[in-house]
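Hello,

Here is the structure I promised to pass on to you. Have a look at it, and then read my notes below.

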Amino acid sequence: MSVLSLARPELLGLKAYSSARMEAGRAMVMLNANEAPALPFASDMLGLNRYPDPQPRALIEALATVYGAPATRVFVGRGSDEAIDLLTRAFCRAGQDAVLVSPPTFGMYAVAAGVQGARVISEPLVADTDFRLDIDRLIAAALAAPVKLVYVCTPNNPTGSLVPLADIERLAAALVGRALVVVDEAYLEYAGTESAVDLIDRYAHLCVLRTLSKAYALAGARLGALIAHEDIIGLVRRIMAPYPLPTPCVDAAHKALAVRAEHQARIVATSRERDRVYAALVSNPGIRRVWPSRANFLTFQVGDAKGVWTELAEQGVLIRDVSHYLKLDGGLRVTIGSPQENDQFLASVGRAVC
Ligand SMILES: *Cc1c(COP(=O)(O)O)cnc(C)c1O
């Protein structure tokens, strides 16, 4: 049985928009896309008179190498946000199907479901064990409703907690023919643990999300990858926007991926800074709790989250108030910045909580 038996049936017969750039690549005389023949006026804008390749081969191959997957299993979108949206639209029938999330977690899963008219079912993380994912309860929840997408965010935003690969595999094994397992690895570089991509060989219904927004410092370029079985990639390509990737963003991605060793060094430095900030927060008696994190942020608990957030903002330090998230009462999330920024944050938080 193909994994596409889980997709919205009405999409399987849908004919994809066939763009001029898809039908034919590049030639000497390009008169097939109603583009302007003239080059843009500024020299750093060369080539922008042409529509971009919808799924540029070279970028897909570069990402496939970085993420350890065959190029046939890579889709590039405008951030992983777009991949989340496309998966939701491809698999969830409005008013009928559901997605399963484990709060406190990334908000976009529920937003994309809401836009599509899919129900959001929650199976919360276990708060008293540093937000572990209870796989048995997650499986039971997925099987008890018409769930099509089960999200596993590892490391999880905003708790920073990891889900072991063995747990992800157990979840996938239990959901064959029932639901996709979507593993969001937006922060995996900072954890230094193994990706779930190799599981796709055995579980065609497992997808992995990666992004250049965090470890590759390219949030402004909006580039993320969906790594999935060829059938899923084919379906997503059928419903994607005609030209999702702006040429300057694709160029920026190539530049970032060309200096992987430099990025790796920065990731190591950020992880070290995270551990330093963690230690400093833990030793602050005004802070009730700091959750251990494998990502590039830390979530901690104070008595008056709104008050501390406001005081920091007044001192020019912006952090994220996550106190309204499930089981994160008094929670604040701080992103690990430069050593100087982190020092400034620590000084401000020291003044705010004492
Ligand atoms: C930041 C983040 C992403 C990445 O989103 P992009 O659209 O690629 O910028 C994905 N998932 C989680 C959990 C995130 O925190």
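How far does a polar side-chain atom of Ser-213 lie from an oxygen atom of the ligand? The distance is 2.6 Å, a polar contact (a pair of N or O atoms within 3.5 Å; within protein, one must be able to donate a hydrogen and the other to accept it, and residues adjacent in sequence count only if both atoms are side-chain atoms). Taken alone, the ligand exposes 380 Å², and the protein buries 94% of that (Shrake-Rupley method, 1.4 Å probe).

Before you go on, please note that this is a predicted model, in which local features need pLDDT of at least 70, side-chain atom pairs count only at pLDDT 80 or more, and totals for chains, interfaces and linings use all residues. Residues are numbered from 1 along each chain as its sequence is written, and side-chain values use heavy atoms, with hydrogens and water left out.

Back to the ligand. Around it are 14 residues, each with a heavy atom within 4 Å of it; Asp-184, Tyr-187, Thr-211, Ser-213 and Lys-214 are the closest. By class, this shell has five nonpolar, five polar and four charged residues (Ala, Val, Leu, Ile, Met, Phe, Trp, Tyr, Cys and Pro count as nonpolar, Asp, Glu, Lys and Arg as charged, and the others, Gly among them, as polar).

A side-chain N or O atom of Asp-184 is 2.6 Å from a nitrogen atom of the ligand, and a backbone N or O atom of Ser-80 lies 2.6 Å from a ligand oxygen atom.

Best wishes
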